[in-house]
Amino acid sequence: MSNNADVEAASLLNNRQRRGQQRGPASAGPNNNNNGPPRPSQVQAVGTLPPNHPYHQMKRVAILGAALYGLQEFGVYHAVLRSPDVSHGWFKVGLGASVAVLLVKSYVELYEGKTRKRRVDYANFRQVTHAVILLLLLASVSFHAALWPHYGGFKTILIMIMVGYGVLLQAALLVPTWVQNLVGAALMTFFIQQYA
């Protein structure tokens with residue numbers, strides 16, 4: 001019985017030593033100044049690809065292309081601009097919430113992050129994060145309410161997934177934040193002019 005426990009303890013000790021060697025000599029050993037486990041950004045599982053590997057980039061581009069194709073097939077752009085079935089009052093509320101999210105995002109990432117050199121994370125921007133979450137919830141509910149009369153339940157949910165996951169998230173993973181904010185402001189301005 002004790003032999004099995006010794007084998008398990010030796011296995012755990014070997015794993016710790018290997019992890020210490022992978023992190024480097026500064027973090028290995030009992031007198032290290034590292035408090036706690038390594039951050040997720042420092043750890044990469046064995047056998048996984050890095051986040052900016054060409055495979056992941058191609059997958060993101062494929063998802064983005066499929067979502068844009070689906071939105072084109074459903075005729076979302078023309079329906080939003082011209083359809084009398086779309087609830088334009090709700091759509092304007094969602095558009096206003098989206099503009100607010102873009103403004104807050106740009107302020108935090110560009111001014112606070114780049115100009116003032118503050119680390120942009122939840123600990124430094126708790127209230128801003130909560131405000132953005134509420135604005136995203138308001139925009140999502142508003143767009144659902146606006147599109148539901150024209151497309152019905154299933155298609156509306158599918159359209160919102162294509163916009164949120166297929167376009168917005170993939171674009172955010174593909175391009176740097178300054179490009180996101182610049183292109184987002186340009187596209188938002190163009191769309192507001194078309195919609196008005």
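Helices α4 (residues 88–115) and α5 (residues 126–174) pack at an angle of about 155 degrees, with their axes 8 Å apart. That makes α4 roughly antiparallel to α5, a label for angles over 145 degrees. Keep in mind that this is a predicted model, where local features need pLDDT of at least 70 and side-chain atom pairs count only at pLDDT 80 or more, while totals for chains, interfaces and linings use all residues. Residues are numbered from 1 along each chain as its sequence is written, and side-chain values use heavy atoms, with hydrogens and water left out.

A few terms first:
- Helices here are DSSP runs (H or I, at least four residues), numbered from the N terminus.
- Axes are lines fitted to C-alpha atoms over the stretch in contact, and angles run from 0 to 180 degrees between N-to-C directions.

**α4 against α5**

- The crossing of α4 and α5 is left-handed, meaning that the near helix is turned anticlockwise from the far one by less than a right angle.
- On the α4 side, the residues in contact (heavy atoms within 4.5 Å) include Trp90, Phe91, Val101 and Val108. Their partners in α5 include Val128, Leu135, Phe143 and Ala146.
- Sorted by class, this contact has 18 nonpolar residues, three polar and no charged. Here Ala, Val, Leu, Ile, Met, Phe, Trp, Tyr, Cys and Pro count as nonpolar, Asp, Glu, Lys and Arg as charged, and the others, Gly among them, as polar.

**α4 against α6**

- Helix α6 (residues 177–195) also packs on α4, at an angle of about 155 degrees and with the axes 10 Å apart. That makes α4 roughly antiparallel to α6.
- α4 passes α6 in a left-handed crossing.
- The contact draws on α4 residues including His88, Lys92, Glu109 and Lys114, and on α6 residues including Trp178, Asn181, Met188 and Tyr195.
- This contact divides into 11 nonpolar, seven polar and four charged residues.

**α2 against α5**

- The axes of helix α2 (residues 54–74) and α5 come within 9 Å and cross at roughly 145 degrees, and the crossing is left-handed.
- Among the α2 residues here are Gln57, Arg60, Leu64 and Phe74, which meet a set in α5 that includes Tyr151, Lys155, Met162 and Leu174.
- By class, the contact has 16 nonpolar, four polar and two charged residues.

**Aromatic rings**

- The structure holds seven aromatic pairs, that is, Phe, Tyr or Trp rings (Trp by its six-membered ring) with centres within 6.5 Å.
- In one of them, the rings of Phe91 and Phe143 have their centres 5.0 Å apart and their planes at 55 degrees, so the pair is tilted. Planes under 30 degrees apart would be stacked, over 60 edge-to-face, and the rest tilted.
- Phe91 lies in α4 and Phe143 in α5, so this pair ties together parts that are 52 residues apart in sequence.
- Phe91 counts as buried at 7% relative accessibility, and Phe143 is buried at 15%. Buried means under 20% relative accessible area, exposed over 50% and partly exposed in between, with a 1.4 Å probe and protein chains only.
- Tyr77, Phe91, Phe143, Phe191 and Tyr195 form one aromatic cluster.

**Two single residues**

- Glu112 sits in α4 and is buried at 3% relative accessibility. Leaving out residues up to four places away in sequence, Glu112 touches Tyr107, Lys117, Arg118 and Phe125.
- Gly164 is in α5 and counts as partly exposed at 32% relative accessibility. Gly164 and Ser140 are 24 residues apart in sequence and 9.1 Å apart in space, C-alpha to C-alpha.

How values were computed: Helices (H or I, at least four residues) and strands (E, at least two) are DSSP runs, numbered from the N terminus. Angles under 35 degrees count as roughly parallel, over 145 as roughly antiparallel, 65 to 115 as roughly perpendicular and the rest as oblique.
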